[in-house]
Amino acid sequence: MSTIDEVDRALVNALQDDLPLDHRPFAPLAEKMGLTEDELLTRVANLRASGVLTRFGPFFDAAAMGGAFCLCAMEVPADRFDEVCEQVNAHPEVAHNYERSHKLNMWFVLACETPDCIDQIATRIEQETGLEVMQFPKLREFFIGFRVAA
């Protein structure tokens, strides 16, 4: 992240805090940072376009809304990894996807509207890829307050 300026660095750090539930949630942050709202939104768009921010949005508690999350893993042959990654990521229920240097080298989270949907999407991914999707459902929740300092 050495290619971003100090304003962008402060913005990345600030975006990890709560934004107000308001029709213009960026306005107070922009004012606090000495920017116009448009300047701040342009910076956020540029950070997304450059890949500094890979995801920006709220986290919802799917289970509290009647849905479900499930951590999943696959053993993907190295020569098929990019192909399988595209197939997996094409599903809107895939919240994020990570490559790991392990026998189970692809890990992703399914976030679905209903608990039954987890099995349906996992089965669909298996059918599309020809590879087993191992499911690791949440047994207990821990809140770790994850933040990354820019």
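**Loop, patch, pocket**

I started with A90, which sits in the loop between α4 (81-89) and β2 (94-99). The model is predicted, and I read every entry here with that in mind.

Is A90 buried or exposed? I found a relative accessible area of 60% for A90. The cut-off for exposed is over 50%, so A90 counts as exposed.

I then checked A90 against W107. The two are 17 residues apart in sequence, and I noted a C-alpha to C-alpha distance of 15 Å.

I logged a nonpolar patch of about 220 Å², made by L71, M134 and F136. I placed F136 in strand β4, which covers residues 134-137.

Last, I turned to the second largest pocket. I noted its volume as about 150 Å³.

Which residues line the second largest pocket? I listed A14, D17, D18, L19, P20, P25, P28, L29, K32 and M33.

Which element gives the largest share of that lining? I found that helix α2, residues 26-33, contributes four residues, the largest share.

I also sorted the lining of this pocket by residue class. Seven residues are nonpolar and three are charged, and I found no polar residue among them.

Notes:
Residues numbered from 1 in each chain as written. Predicted model: local features only at pLDDT ≥ 70, side-chain atom pairs only at ≥ 80, totals over all residues. Heavy atoms only, no water. Patch = residues over 30% accessible without salt bridge, like charges linked within 9 Å, V, L, I, M, F, W, Y side chains within 5 Å. Areas by Shrake-Rupley, 256 points an atom, 1.4 Å probe, with all protein chains shown as cover. Salt bridge = Lys/Arg side-chain N within 4 Å of Asp/Glu carboxyl O. Helix = DSSP H or I, 4+ residues; strand = E, 2+ residues; numbered from the N terminus. Buried < 20%, exposed > 50% of the residue type's maximum accessible area, 1.4 Å probe, protein only. 1 Å grid on protein atoms, 1.4 Å probe; cavity = no way out; pocket = protein on both sides within 12 Å on 5 of 7 lines; lining within 4 Å. Points joined across faces, edges and corners; volume = space filled by probe spheres on them. Nonpolar A, V, L, I, M, F, W, Y, C, P; charged D, E, K, R; others polar.
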